[in-house]
Amino acid sequence: MTRYFVAILCLCLAIVLPGFVGAEGQTQTVPFIEVENPTHDFGQVVQGEVVRHDFRVFNRGNAELKIQHVSPD
């Protein structure tokens, strides 16, 4: 079982790591989004009532993070 885990881990690293390393062997810059408390329950809301909640969003990566679409799903 341990051999299978190690083999799968090595396969995943072989697939993922080249995407983060550039042609010169330097690490690429990538954004990384972190949302503090990504969900919020408003409870029961009367139809037509306006509700609001602020979400704290952080870019923990080393490149510009562009949020292009937000959905209330």
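**View 1. The salt bridge between R60 and E34.** R60 and E34 form a salt bridge, in which the closest N and O atoms are 3.0 Å apart; a salt bridge here is a side-chain nitrogen of Lys or Arg within 4 Å of a carboxyl oxygen of Asp or Glu. Because R60 lies in the segment after β2 and E34 in strand β1, the pair ties together parts that are 26 residues apart in sequence. Strands (E, at least two residues) and helices (H or I, at least four) are DSSP runs, numbered from the N terminus. R60 is partly exposed, with a relative accessible area of 48%, and E34 is likewise partly exposed, at 34%, where buried means under 20% relative accessible area, exposed over 50% and partly exposed in between, for a 1.4 Å probe and protein chains only. The model is predicted, so that local features need pLDDT of at least 70 and side-chain atom pairs count only at pLDDT 80 or more, while totals for chains, interfaces and linings use all residues. Residues are numbered from 1 along each chain as its sequence is written, and side-chain values use heavy atoms, with hydrogens and water left out.

**View 2. Two further salt bridges.** The structure holds three salt bridges. One of them joins E36 to R56, with the closest N and O atoms 3.8 Å apart. This pair links distant parts of the chain, since E36 is in strand β1 and R56 in strand β2, 20 residues apart. Another is formed by the side chains of D54 and R52, at 3.1 Å from N to O; D54 counts as exposed at 54% relative accessibility, and R52 is exposed at 69%.

**View 3. The loop residue N37.** N37 is found in the loop between β1 and β2, the latter being residues 56–59. The phi of N37 is near 50 degrees, a positive value in a residue other than glycine. Most residues other than glycine have a negative phi. N37 is exposed, with a relative accessible area of 56%.

**View 4. E64 and F32.** E64 is placed in the segment after β2 and, at 62% relative accessibility, counts as exposed. Although E64 and F32 are 32 residues apart in sequence, they are 9.1 Å apart in space, C-alpha to C-alpha.

**View 5. The chain as a whole.** The chain has one helix and two strands, which follow the pattern α-β-β when read along the sequence. Of its 73 residues, 1% count as buried.
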